[in-house]
Amino acid sequence: MTEDVIGVGVAGFWHVHADDYARETEAHPGTRVAAAWDDAPGRAREGAARWGVERAESLDALLAHPGVDAITVTTATADHTGVIGRAIEAGKHVFTEKLLAPTVAESQRLADAAAAKGVALVVSLPQLTNPVMVAAADLVDRGTLGAVTYARVRMAHDGWLTGSLPDRFADPVAAIGGAFTDLGCHPAYLVQRLLGAYPERVSAVYTRVTGREVEDNAVVVAAYPDGALGVAEASFVTTPGALAMEVRGTEASLLHGFGRGGLHAKGGPFGDEWVPVPLHPPPPTPFELWVDAIRGRADASANVSAAIDLTRFIVAANTAAAANPRAGFDPEGPS
């Protein structure tokens, strides 16, 4: 690594965000794509060719590449623990797609290993730096809404209706879950940001509109000790796609999406009509945070803690959905 440029290796093209992070790497003045690898030779060749870089024959070769100081991890989710662990052991900084790892214990071990090795570990949780979400969280933190009693966040797209989302996302082993484990991470960590990392209990309903092995439609409800409810929704079968948020408090409420852009508030200090909420410049993106952490200019520990808490939430939701997948409904009521 020179003072000016950090060489980044792309570890895996399994996830659809692999090229997005490569674009971020090339766009940032302090980083460049140096090499690429994937455990599927075809994906590796195509990915390396797209970015005009050397294709590493193995993960070990990528980690040993003289131009690679750090890696972005976009392998199958099930492979995160092994890939990230080996990178940390090799002294490489890691920026990874969510989830950090399939379990809380694995996530914590990776975080501890990175801290012990002195390498920067950052997980992509981009909605935490979305100006709308930052403004909403700030209003919650300042108590402007009163006590928050309900928060709902929905993220959805049409990937399995249009074929734009690869079928490998339906592999229950590689992906370790469906729409909620992948896309649902975003509403999950936003609900946690608004209401708290540790709900008292979690319930979940997953359905399969397209008949794949994993869910493509999901609703998760988190109940908190103070009575607040958090609703996190994800879907691969929604047209058009959506990012929507609703936050209700004892004094005021917030809306985002639902046919309108920006953030709108009503009640309490905002008055009796929905009014736009001013937004402020966003904080550094997760990728920018990572680069700053590598340079010793930022502390990424809050990001890692949020990522571990996210894993806990996703595991709880998947466990709840598996425990009661078909509760059933009797239209005639109890006998």
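This is a predicted model: local features need pLDDT of at least 70, side-chain atom pairs count only at pLDDT 80 or more; totals for chains, interfaces and linings use all residues.
Residues are numbered from 1 along each chain as its sequence is written, and side-chain values rest on heavy atoms, with hydrogens and water left out.

A place to begin is the open sheet of six strands, whose order is 3-2-1-4-5-6 with parallel pairing; strands here are DSSP runs of E with at least two residues, helices are runs of H or I with at least four, and both are numbered from the N terminus. Two strands count as paired if DSSP finds at least two bridges between them. Strand 3 (54-55) and strand 6 (121-123) stand at the edges with a single partner strand each, so one side of each has no neighbour in the sheet. Strand 4 (residues 70-73) pairs with strand 5 in the parallel sense over four bridges, and alanine 70 has histidine 93 as its bridge partner in strand 5.

In soluble globular proteins, nonpolar side chains tend to be buried together. A nonpolar core is a set of buried Ala, Val, Leu, Ile, Met, Phe, Trp, Tyr and Cys residues joined through side-chain atoms within 4.5 Å, where buried means under 20% relative accessible area, exposed over 50%, and partly exposed in between, with a 1.4 Å probe and protein chains only. The largest such core has 83 residues, and those with the most contacts inside it are Leu62, Ile71, Phe180, Leu194, Met245 and Leu254. Its largest share, nine residues, comes from helix 11 (residues 301-323). Leaving aside residues up to four places away in sequence, isoleucine 71 touches, among others, Leu62, Val83, His93, Phe95 and Trp290, contact meaning heavy atoms within 4.5 Å.

Which residues do ring pairs link into a cluster? They are Tyr21, Phe95, Phe287 and Trp290. Rings of Phe, Tyr and Trp (its six-membered ring) pair if their centres lie within 6.5 Å, and planes under 30 degrees apart count as stacked, over 60 as edge-to-face and the rest as tilted. The structure holds eight aromatic pairs. The rings of phenylalanine 95 and tryptophan 290 have centres 5.5 Å apart and planes at 45°, so this pair is tilted; it links distant parts of the chain, strand 5 (residues 93-96) and helix 10 (residues 286-294), with the two residues 195 residues apart. Phenylalanine 287 and tryptophan 290 form an edge-to-face pair, 5.5 Å centre to centre and 65° between the planes, and both lie in helix 10, about one turn apart.

Side chains of opposite charge can pair when their charged atoms come close. The structure holds 17 salt bridges, each a side-chain nitrogen of Lys or Arg within 4 Å of a carboxyl oxygen of Asp or Glu. Lysine 98, buried at a relative accessible area of 3%, forms a salt bridge with glutamate 97, the closest N and O atoms being 2.7 Å apart. Aspartate 182 also forms a salt bridge with lysine 98, with closest N and O atoms 3.3 Å apart. Aspartate 182 lies in helix 8 (residues 179-182) and lysine 98 in the loop between strand 5 and helix 5 (104-117), so the pair ties together parts that are 84 residues apart in sequence.
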